[in-house]
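Please open the model in a viewer with residue selection and distance tools at hand. The stops below are arranged so that each selection leads to the next.

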Amino acid sequence: MNPAIEHLTRAIPPTDAPRAHDWTRVEEELGTILPSDYKQLVDLYGGGLFDDAIWVLEPDCPNEHYDLVVGNHIRVEAQRGLWKGGEPKPAELDEAGSDRLGRDRER
């Protein structure tokens, strides 16, 4: 286990049983590899709000407001709308591998 996650679980023990996620499927759908410590955090705590400040998004979260995959699709569409409306698109998103999901959905 990641040392920071281990420290967190000692300070704030998870209240529910850990939930396993199909991270391979999620990463394929998102088009990106997610950090292992993030996946450990989500498997232990699930999605939600930490300290009324930090949103933790979880794939297939029971609370739709914290669903990682659905939220990602909504944000991609919102960004695409901004760019079509004239908002400048960051040049970094045109680099190879930086926006696979957005490009795949446009095809």
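**Whole chain**

This is a predicted model, in which local features need pLDDT of at least 70 and side-chain atom pairs count only at pLDDT 80 or more, while totals for chains, interfaces and linings use all residues. Residues are numbered from 1 along each chain as its sequence is written, and side-chain values use heavy atoms, with hydrogens and water left out.

Colour the chain by pLDDT, the predictor's confidence in each residue, from 0 to 100. The chain average is 87, and 90% of the residues score at least 70. Select residues 101-107 for contrast: pLDDT remains under 50 there, and the model has 17 contacts beyond four places in sequence for this segment. A contact here means heavy atoms within 4.5 Å.

Switch to a cartoon view. The chain contains five helices and two strands, in the order α-α-α-β-β-α-α along the sequence. These elements are DSSP runs numbered from the N terminus, helices being H or I of at least four residues and strands E of at least two. Of the 107 residues, 31% count as buried; buried means under 20% relative accessible area, exposed over 50%, and partly exposed in between, with a 1.4 Å probe and protein chains only. Among contacts between residues at least 6 apart in sequence, 45% join residues at least 24 apart.

**Stop 1: His-21**

Select His-21, in the loop between helix 1 (3-11) and helix 2. Is His-21 buried or exposed? Its relative accessibility is 14%, so His-21 counts as buried. Display its polar contacts, that is, pairs of N or O atoms within 3.5 Å; within protein, one atom must be able to donate a hydrogen and the other to accept it, and residues adjacent in sequence count only if both atoms are side-chain atoms. The side chain of His-21 meets that of Glu-58 at 2.8 Å and the backbone oxygen of Arg-19 at 3.2 Å. Setting aside residues up to four places away in sequence, His-21 touches Val-42, Asp-43, Glu-58 and Pro-59.

**Stop 2**

The structure holds three aromatic pairs. Select one of them, Trp-23 with Tyr-38: the arrangement is edge-to-face, with 5.9 Å centre to centre and 70° between the planes. Trp-23 belongs to helix 2 (residues 23-30) and Tyr-38 to helix 3, so the pair links distant parts of the chain, 15 residues apart. Rings of Phe, Tyr and Trp (its six-membered ring) pair if their centres lie within 6.5 Å; planes under 30 degrees apart count as stacked, over 60 as edge-to-face and the rest as tilted. Both Trp-23 and Tyr-38 are buried.

Lys-39 is buried because its relative accessible area is 17%. Leaving aside neighbours within four places in sequence, Lys-39 is in contact with Trp-23, Glu-27 and Leu-34.

**Stop 3: Glu-29 and His-73**

Select Glu-29 in helix 2, which counts as partly exposed at 32% relative accessibility. Which distance separates the C-alpha atoms of Glu-29 and His-73? They lie 9.8 Å apart in space and 44 residues apart in sequence. The two side chains are joined by a polar contact of 3.1 Å.

**Stop 4: helix 4 and its ends**

Select residues 68-84, helix 4, which has 17 residues and reaches 24 Å from its first C-alpha to its last, close to the 24 Å expected at 1.5 Å a residue. The expected span is 1.5 Å times one less than the number of residues. Its buried residues include Leu-68, His-73, Arg-80 and Trp-83.

At the N-terminal end, Asp-67 caps the helix, with a side-chain oxygen 3.1 Å from the backbone nitrogen of Val-69. After the helix comes Gly-86, whose phi is positive, near 110°. Now display Lys-89 with Trp-83: the charged end of the lysine sits over the ring, 4.8 Å from its centre. This label requires NZ of Lys or CZ of Arg within 6 Å of the ring centre and within 35 degrees of the ring normal.

**Stop 5: two positive phi angles**

Select Asp-51, in the loop between strand 1 (48-50) and strand 2 (54-56). Asp-51 is not a glycine, yet its phi is positive, about 55°. With a relative accessible area of 73%, Asp-51 is exposed. Finish at Asp-60, in the loop between strand 2 and helix 4, where phi is again positive, near 55°, in a residue other than glycine.
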